[in-house]
Amino acid sequence: MYLREQPLYKNWEQLWKDSYCSDFFQSTYDKESASVDLSLSERQLFTQSNGRTLIGQDTKGRLHFISTPHESIYAIPSGGTDLGGQFKGNIGQYYQNDVALFLGKMRYEINLNSGITYSVYNKNSRTKYLDSYLPLTETIRPEFETRVFSLAPILEKEAVNSSSLPQLPGPAAVFYCMEIKNTSGAKLSGNIRLSFDQKFVNQFEKYGDKFEDYANLPYKSSFEQKLLMLWHPEACAAIQMLNSTLKGAPRCPIISSTLNLNPGESQLFTTIIAVAPEQKDINKSLGIIYQHTPLEWINVASQFWNERLGKMSLDIREKSPSSQKYWDMHLRFFLDNFNCLSFDHNGNLLTNSQGAPSHGLSRLWGIDIVPSVISVMYAIPEIGPKAIEYLIRRNTPRYSIYDDHSIFFYAAPLILTQKYLELTGDEKYFQNNKKVLSKLKTIGDNLLKFKNSKKALFSSHYASDLMVFRKYDYGANVQCYYALKGYHSILKILSQNTCQVDKILHAMPKDMAENIENEGPFGRQITGGTNLDEKDRDKFYISDKTYYYAGEDTATVLAPLYGLYNFNYKPYVNLHRYARSMFIACYDPEFQTMRELPFGMHPSATGLTLRLGGSYTRKEMYDNLQLLYSRLDESGSLFWWPRGFNKKRCLTRCSQGQGQWVQQSMEQWLGLRMDAVHHTLTIKPQGLINAYNWKNGKIGNFYFDISFEEKLGKTNFKIKNKNKEPFKIIIGARSYGVGTEINPKAKETILSPDESLDEAIATDQFTPHEINIAKQECLQQKEHLEFGPYGIVMPKLYSHNCSTFILRCVIAHDTETDWKDLDVEIKADKRWKIAPKKFYIWDYQPIYSGSNAVIHIKLLPPLKHTVAGFYINLPEKYSGNSKSVMLSAHPFQEPFSQSERELKLYIKGNSQENFSPITITLKKSGKIVKSIKIPVIILGEEQYTEKFNLMVHGEK
């Protein structure tokens, strides 16, 4: 091989045999994805990136798309009136690039001389990742085996690189390869045909529309020696199947290569595709990718990721399923977030997409970039400065009527600065980049302008594309607390006075506790935020009476990691129990996660990572981890709005939630907190993992071998410092059986370079106390029965305007025996149509049979939630957006803050029509247990808006 280092894989057989493949995350052929998942971002794709070009391979073994962003970054409208233009932006979207996306759906076809034609997939095909990053579709037939893979190469370690990033980015060119092995026992002859669609996409933001409808044909297709060139003003592609013949017309080419295999022989067929915004960039990328064979490039990429990720084995004693699944998930989240990043050939960051591929293609989303970048920095800290340089110029919208438009976005450069310093100790970068240092200082100075004049609390209007609900939002202030640490670090590098920042940092935990905590159903808890009784509250924010926890708030859960308090801080613990209860209006017991807003909307994947992150006991951690597993798609990715077992991929990959969890996984569950400025590594695992062994573990710029094992009576640590400098090592061991209830016992020592530590800490045994949330809820209800519709804004069946909404009832009881043979019956006006909804199943087209329906529940144990759901199809004139149907209140809310206690259903419509009330009845063994009647009221646009605003903002 033409490589300096000893290759990991000397031949294809060794690659197929020895490369790592998850037993948990792989997919069979998915025949429905392309027809049901209209957006590219929702399709069943196995993705990979080299930091420049993103690819996606589907379960048919097709190279579904190749995407390279433009280098021109431009501002988009951040809120304001939608003029109906070519594109628009939401309030949390400031900048975007166009992309050169080749929607080729490239595929191989096997044509045998016997006259039989085969595709490279069948119903038994399996698509998976090799070494966690390389998409592979494997199909076994009696006659032959095929293995199809796609690769965007990462650069060689020894290569001359114009970028300051190590081995990144790779070229804007990829391999699409197929190995075929003859298992027929006879000679196999014929040809391999390469086919693809000639389509480009440059902009797309029409979520819910079919992606192909926005594709453009190339302006020109031509043969240029061995290449087929496709050209469009915004994209260019060069395609070459090696050792092939080109026939036909460029618009409809016939590209094939001869197949000739004796029994037992294998042959590799290789296609190279370069995709770039301009034709001048094509040959530059081809010049790189032609350097090595596909196997050599795979060796380069696998070695890169091995060096960055190390080798991990771990144990979770509550084994269901194997403990290895946890680390497979961790790596999938990490690599998904790496795939969101794209750099130019000089290493400058071009974009951080929300999920890859994103439903907005190459658009920056404000609240996502911090968790996305931090999650990648643990293994590739070099991206930190690139993200900081990108953000110091783009952390505010081009135009806004608010100075504090989004504190999450504005403070992002300081947050990344602090984390970069913790992971690297690289103060020289800032000292040598005076413009960056000066801009960070200015951002810190301006951040102080958003502080309340009397309290150490910071204001904001928006998080990302959602409002923050109160002027001084808790999650925003958690972010500000950590951002101020970054500002403090910048002032120290500048040798400037830090007294003012020190004073604010000291005051913030006290002021947050005094103003953003109160009594709740489980004890004192965080309430979500405060308006401090300021006069402008009515114009924008929600009432101080309403407790909330936004489903997209991934900052609050990180407060212990940012140093505000420990994980056992009771208001923090009680907040996360409140967030899993019917006491909060946005919790959804069918989705088992919070919806995005205090009054409803979409089920949020970040709610799942918050649920796991806020777990207190080992049982809570275990239960919430199993729930998270159940929401992952077949590839191991977590998508934004998981709506059912059959609809896990909704919107795009949830880079924000995945990034937040990687941070908690590293710093809480593995317990690894680096402070490189002070050469200190703290190892205090506080998650479900009770043992792990990480060889060549990389934490920022530094490598360690770390072994941790928690046993009854003692906890063992073995650590080797593999760096050129000494480190203070602080180890912490908790009592056996503890989640986060008790703080760990700590010891510290100094490890010189290449020195090892072998230490045991004696521990006692702990018996946890579990809280049953449903029991607490039932105690608040008459006859200790929880039954009725929940939420405020009713979810719709489709993302576009439609007349079908979903009404669901929660049921729980605290009697001592199981309830059997339950029926939930709903009756409505005869002009309505109703269909039953199966639990956590999303019906694309419900089957209606009348204006009443029944859900039968065989068994309901005590103190468990179940849900009876119904699709309700209104007359077409009441078709509306996602907020056009709502209940007057969430009946189970505590503390109750709505203006109306009598439950009604409001429907927006321009009609004086009257409808019969909805009647919902719970029966047990045919006998009525409880019946609820809900009046239906049609409101015009103005009246409905008034009711909606009253629900959101409360009474003035």
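Me: Which element supplies the largest share of the lining of the largest cavity, three residues?
Reply: A cavity is a set of points, on a 1 Å grid over the protein atoms alone, where a 1.4 Å probe fits but cannot get out, while a pocket is an open set with protein on both sides within 12 Å along at least five of seven lines; lining residues have an atom within 4 Å of a point. The largest cavity has 21 lining residues, and Leu54, Ser67, Pro69, Ser353 and Ser362 lie nearest its centre. Two or more lining residues come from each of strand S4 (63-69), strand S7 (99-102) and strand S23 (341-343), strands being DSSP runs of E with at least two residues and helices runs of H or I with at least four, numbered from the N terminus. The largest share, three residues, comes from S4.

Me: What kind of model is this?
Reply: Residues are numbered from 1 along each chain as its sequence is written, and side-chain values use heavy atoms, with hydrogens and water left out. Local features need pLDDT of at least 70, side-chain atom pairs count only at pLDDT 80 or more, and totals for chains, interfaces and linings use all residues; this is a predicted model.

Me: How much space lies in the largest cavity?
Reply: A search of the whole structure finds 13 cavities of 30 Å³ or more. A volume here is the space filled by probe spheres set on the grid points, which are joined across faces, edges and corners. For the largest cavity this comes to about 180 Å³.

Me: Which helix gives the most to the lining of the second largest pocket?
Reply: That pocket holds about 840 Å³ of space. Its lining has 42 residues, of which Leu155, Glu156, Ala159, Ile288 and Trp297 are the closest to its centre. Helix H3 (282-289) and helix H4 (294-309) each supply at least two of the lining residues. With six residues, the one that gives the most is H4.

Me: How many residues apart in sequence are the parts tied together by Trp327 and Trp694?
Reply: Rings of Phe, Tyr and Trp (its six-membered ring) pair if their centres lie within 6.5 Å, and planes under 30 degrees apart count as stacked, over 60 as edge-to-face and the rest as tilted; this gives 42 aromatic pairs. Trp327 and Trp694 are edge-to-face, at 6.0 Å centre to centre with 70 degrees between the planes. Trp327 lies in helix H5 (residues 324-338) and Trp694 in strand S35 (residues 691-699), so the pair ties together parts whose separation in sequence is 367 residues.

Me: Is Trp694 buried or exposed?
Reply: Buried means under 20% relative accessible area, exposed over 50% and partly exposed in between (1.4 Å probe, protein chains only). Trp327 has a relative accessible area of 5% and is buried. Trp694, at 2%, is likewise buried.

Me: How is Tyr402 classed at 23% relative accessibility?
Reply: The rings of Tyr402 and Phe540 form an edge-to-face pair, with centres 5.6 Å apart and planes at 70 degrees. Tyr402 is in the loop between helix H7 (383-391) and helix H8 (407-410), and Phe540 is in helix H14 (residues 537-540), 138 residues apart. Phe540, at 12% relative accessibility, counts as buried. Tyr402, at 23%, counts as partly exposed.

Me: Which residue in S35 is the bridge partner of Leu314?
Reply: An open antiparallel sheet of five strands has the order S22-S35-S36-S37-S40. Strand S22 (311-315) and strand S40 (756-762) each have a single partner strand, so one side of each is left without a neighbour in the sheet. Two strands pair if DSSP finds at least two bridges between them; S22 and S35 pair in the antiparallel sense over five bridges. In S35, the bridge partner of Leu314 is Tyr692.

Me: Which residue in S21 does Gln240 stand opposite?
Reply: Seven of the seven residues of strand S18 (residues 235-241) are buried. Ala235, Ala237, Ile239 and Met241 point one way from S18, and Cys236, Ala238 and Gln240 the other way. On strand S17 (residues 227-232), joined to S18 by five antiparallel bridges, Met229 stands opposite Ala238. S18 also pairs with strand S21 (residues 266-276) over six antiparallel bridges, where Gln240 stands opposite Ile272.
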